[in-house]
Amino acid sequence: MRPLIKTPTVAWMPDGKVRDYRVCTRCVMDTTDPDITFDAAGVCSNCHRFETSIRPYWKPDAAGAAELDALLHEIRTKGAGKPYDCIIGLSGGVDSSFLATKLLEWKLRPLVVHVDAGWNSELAVNNIEMILSKLGLHLDTVVIDWNEMRDLQRAFLKSHVANQDIPQDHAYTAALVRKALEHDIRYVISGTNFATEGVLPQGWGYDAMDATQLRDIHRRFGEGTLKAYPVMEFQDYFGTMQQRLRFIAPLNFMPYDKTAAIAHLEQNFGWRYYGGKHYESIWTRWFQAHYLPTKFGYDKRKAHLSSLIVAGSMTREAALRELDKPLYTDNELTDDTAFVAKKLGLTVDELEGYLTAPPRHYSDYSTNAAQIEQFCRRKSRKARLRQIATRFSKDLPRRIAGKLSSMLASPKS
Ligand SMILES: [Zn+2]
């Protein structure tokens with residue numbers, strides 16, 4: 001099969017419809033996003049979503065700086081006397097690496113966790129070691145059981161869904177959350193940011209934290225059992241975790257420029273760039289630059305470049321020039337494909353076979369949609385009861401008031 005190295009203009013549509021090709025007049029998102037719509041001026045729904053749902057929460061200004069100061073003060077105060085006041089997951093990528101270097105400036109005492117799911121590039125390992133030795137921080141590495149990880153990844157390939165990064169992403173979050181709970185840490189510092197990730201089409205992937213889907217795909221296509229792999233069940237994700245942890249994304253409260261962040265890391269920490277977003281993992285590079293564009297017609301660079309455009313740090317012309325560059329050079333692709341195949345215990349032909357087989361939609365498998373609905377129903381019932389309790393608390397007989405408050409306190413109500 002001839003490797004696809006240019007950005008695709010046609011994508012697989014779950015409904016089988018064929019659409020005329022069209023690209024946004026403001027960003028570079030196009031009809032390869034199955035859910036995209038355009039206004040009269042040709043501006044796309046991703047651009048509009050950024051303005052209405054993200055920009056109001058993005059504060060790279062004085063107000064953001066004040067808010068961040070208050071948050072940092074809260075983290076330091078609440079964590080006083082504990083071994084750590086926060087936790088950060090370090091992948092070795094730009095965002096988390098840059099953030100790790102800021103934590104000491106902010107006088108925080110982080111537990112730094114790296115989750116090794118088997119795909120670290122040598123460069124990523126070097127970058128992590130370099131940063132931590134300069135910062136004088138200890139690294140807590142969680143190694144995911146490789147036999148189970150490989151079994152799960154092979155099961156996902158056989159499922160033919162778009163988001164093949166779920167086994168890796170799920171493990172990252174689940175392992176990090178377990179560490180936080182184990183060490184009684186309340187604050188999780190995340191490198192996620194609106195400056196470079198404001199556009200991400202939902203239709204290109206699926207929620208990595210859906211344990212129902214993960215288990216269903218493994219049950220159908222896996223060979224072994226998942227014993228050591230950290231599965232985060234629905235209740236833990238929506239219940240325990242959200243009650244006990246607070247996620248903070250400091251990069252949204254300060255001006256964050258990726259080029260400047262890379263320069264800072266290179267000059268002060270001897271860190272080296274990977275050449276693409278999330279390319280610190282060889283698997284992710286192959287998945288994003290080959291599997292997704294070849295099988296589905298999705299080129300994640302479009303979302304990334306569009307994020308920079310809507311955030312005002314790149315022109316549309318520069319982004320289009322960037323998209324003209326090949327996704328892979330032939331040699332790199334051959335090397336990566338051979339590496340991925342060998343690591344997963346497949347022949348190159350078997351691996352390439354997954355690319356040519358028909359795609360499937362995530363909804364072809366079980367999802368946690370029913371659990372989410374039930375959870376929301378409980379939440380709204382709880383909210384209604386709370387409203388009644390607040391409104392009538394003075395007039396309620398003590399016995400009923402007591403019952404109501406115990407119902408509100410119970411996680412089952
Ligand atoms: Zn747009």
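**Close-up views of a predicted model**

**View 1. Helices α12 and α13 in contact.** Arg-301, Lys-302, Leu-305, Leu-308 and Ile-309 of α12 meet Arg-316, Ala-319, Glu-322 and Leu-323 of α13; two residues are in contact if their C-beta atoms, placed from the backbone, lie within 7 Å. By class, five residues of this contact are nonpolar, none polar and four charged (nonpolar: Ala, Val, Leu, Ile, Met, Phe, Trp, Tyr, Cys and Pro; charged: Asp, Glu, Lys and Arg; polar: the others, Gly among them). This is a predicted model, in which local features need pLDDT of at least 70 and side-chain atom pairs count only at pLDDT 80 or more, while totals for chains, interfaces and linings use all residues. Residues are numbered from 1 along each chain as its sequence is written. Helix α12 covers residues 300-310 and helix α13 residues 316-324, and the two pack at an angle of about 165° with their axes 10 Å apart. Axes are lines fitted to C-alpha atoms, for helices over the stretch in contact, and angles run from 0 to 180 degrees between N-to-C directions. Helices (H or I, at least four residues) and strands (E, at least two) are DSSP runs, numbered from the N terminus. α12 and α13 are therefore roughly antiparallel to each other (angles over 145 degrees; under 35 is roughly parallel, 65 to 115 roughly perpendicular and the rest oblique). Their crossing is right-handed (a crossing is right-handed if the near helix is turned clockwise from the far one by less than a right angle, and left-handed if anticlockwise).

**View 2. Helices α3 and α4 in contact.** Helix α3 (residues 94-105) packs with helix α4 (residues 122-135) at an angle of about 5°, the axes being 11 Å apart. That makes α3 roughly parallel to α4. Ser-97, Ala-100, Thr-101 and Leu-104 of α3 meet Asn-127, Ile-131 and Leu-135 of α4. Four residues of this contact are nonpolar, three polar and none charged.

**View 3. Helices α3 and α10 in contact.** The axis of α3 comes within 10 Å of that of helix α10 (residues 258-269), and the two cross at roughly 60°. α3 and α10 are therefore oblique to each other, and their crossing is left-handed. Val-94, Ser-97, Phe-98 and Thr-101 of α3 make the contact with Lys-258, Ala-261, Ile-262, His-264, Leu-265 and Phe-269 of α10. By class, this contact has six nonpolar, three polar and one charged residue.

View 4. Five strands form an open sheet in the order β3-β2-β1-β4-β5, with parallel pairing (two strands pair if DSSP finds at least two bridges between them). β3 (139-143) and β5 (246-248) stand at the edges with a single partner strand each, so one side of each is left without a neighbour in the sheet. From one strand to the next the twist averages 30°. Strand β4 (residues 187-189) runs parallel to β5 and is joined to β5 by three bridges; Tyr-187 has Arg-246 in β5 as its bridge partner. Helix α6 (residues 166-182) lies across β1 (86-89), β2 (110-116), β3 and β4, and runs at about 145° to β2.
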